[in-house]
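Here's a quick briefing to read with the model open beside you. Have the sequence and the 3D view handy, then work through the topics below.

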Amino acid sequence: MSHKTTTILIPPALSNSSCSHPRYATSGPPITWGSVTEATFVLLLTVGICGANILVIIVINTRRYSKYIHSQPRYLLTCLASNDLAVGLLVTSVAFLPALLTCWPYSEIICQIQALLRGALTQQSAMILIYMAVDRYTCMLHPVKYHKHASKK
């Protein structure tokens with residue numbers, strides 16, 4: 001009889017050597033006009049994303065405009081704006097320092113979390129858009145069935 005051996009997978013030891021590279025040992029990473037311009041663009045993009053999505057969430061859910069939008073599309077639009085707000089807060093805002101310093105100043109854990117968030121939030125946006133498309137398709141082609149099944153609950 002043969003015995004099966006089990007192997008335990010151990011992740012490799014990671015070290016963040018981007019900003020602690022020996023070429024930066026004396027003066028640190030260089031800050032150039034290009035990196036300042038890129039960091040300014042990232043900062044403006046972050047502020048724009050967060051501001052626009054907060055505005056969308058507030059306007060869609062106020063009493064003044066909520067009577068013009070049914071609850072189902074309003075819920076989906078709020079979910080999409082909340083997801084984009086999370087992208088602005090959790091993904092884009094973290095990109096400011098790497099754009100300025102032209103290296104990754106955070107740890108490897110933050111790098112892995114950023115990669116996970118970029119993928120997950122992008123897929124979530126795509127799924128919300130698909131749900132919105134199915135919702136609008138059902139509303140347009142089958143209005144009786146849509147209003148029967150799409151309740152306020």
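Contact here means heavy atoms within 4.5 Å. Helices are DSSP runs of H or I with at least four residues and strands are runs of E with at least two, numbered from the N terminus. With those terms in hand, what covers the buried residues of H1 includes helix H2 (63-66), H3 and H4.

This is a predicted model, so local features need pLDDT of at least 70 and side-chain atom pairs count only at pLDDT 80 or more, while totals for chains, interfaces and linings use all residues. Residues are numbered from 1 along each chain as its sequence is written, and side-chain values use heavy atoms, with hydrogens and water left out.

**The overall picture**

- The protein comes to six helices and zero strands, and reading along the sequence gives the pattern α-α-α-α-α-α.
- Of its 153 residues, 24% count as buried; buried means under 20% relative accessible area, exposed means over 50%, and partly exposed is in between (1.4 Å probe, protein chains only).
- Among contacts with a separation of 6 or more, 75% are between residues 24 or more positions apart.

**Helix H1 and its partners**

- Helix H1 takes in residues 33-60, which makes 28 residues, and reaches 40 Å from its first C-alpha to its last, close to the 40 Å expected at 1.5 Å a residue. The expected span is 1.5 Å times one less than the number of residues in the helix.
- Its buried residues are Ser35, Ala39, Val42, Thr46, Cys50, Asn53, Ile57 and Ile60.
- An α-helix has 3.6 residues a turn, so residues three or four places apart point the same way.
- Threonine 46 sits in H1 and counts as buried because its relative accessibility is 11%.
- The side chain of threonine 46 reaches the backbone oxygen of valine 42 at 2.8 Å. Not counting residues up to four places away in sequence, threonine 46 touches Gly88, Thr92 and Ser93.

**Threonine 78 in H3**

- Threonine 78 lies in helix H3 (residues 71-92) and is buried, because its relative accessible area is 16%.
- Leaving aside neighbours within four places in sequence, threonine 78 is in contact with Ile57, Ile60 and Asn61.

**Two loop residues**

- Serine 93 lies in the loop between H3 and H4 and is partly exposed, with a relative accessible area of 31%.
- Serine 93 and valine 42 are 51 residues apart in sequence, yet 7.5 Å apart in space, C-alpha to C-alpha. Not counting residues up to four places away in sequence, serine 93 touches Thr46 and Gly88.
- Threonine 102 is in the loop between helix H4 (96-101) and helix H5 (108-141). Threonine 102 has a positive phi of about 55° although it is not a glycine, and it is partly exposed at a relative accessible area of 46%.

- The 34 residues of H5 should span 50 Å at 1.5 Å a residue, and its end C-alpha atoms are 50 Å apart, which agrees.
- Buried in H5 are Gln114, Leu121, Ser125, Ile128, Met132, Asp135 and Cys139; what covers them includes H3 and helix H6 (143-149).
- A search of the whole structure finds one salt bridge, meaning a side-chain nitrogen of Lys or Arg within 4 Å of a carboxyl oxygen of Asp or Glu.
- Aspartate 135 forms a salt bridge with arginine 136, the closest N and O atoms being 2.9 Å apart.
- At 8% relative accessibility aspartate 135 counts as buried, whereas arginine 136 counts as partly exposed at 33%.

How values were computed. A polar contact is a pair of N or O atoms within 3.5 Å; within protein, one must be able to donate a hydrogen and the other to accept it, and residues adjacent in sequence count only if both atoms are side-chain atoms.
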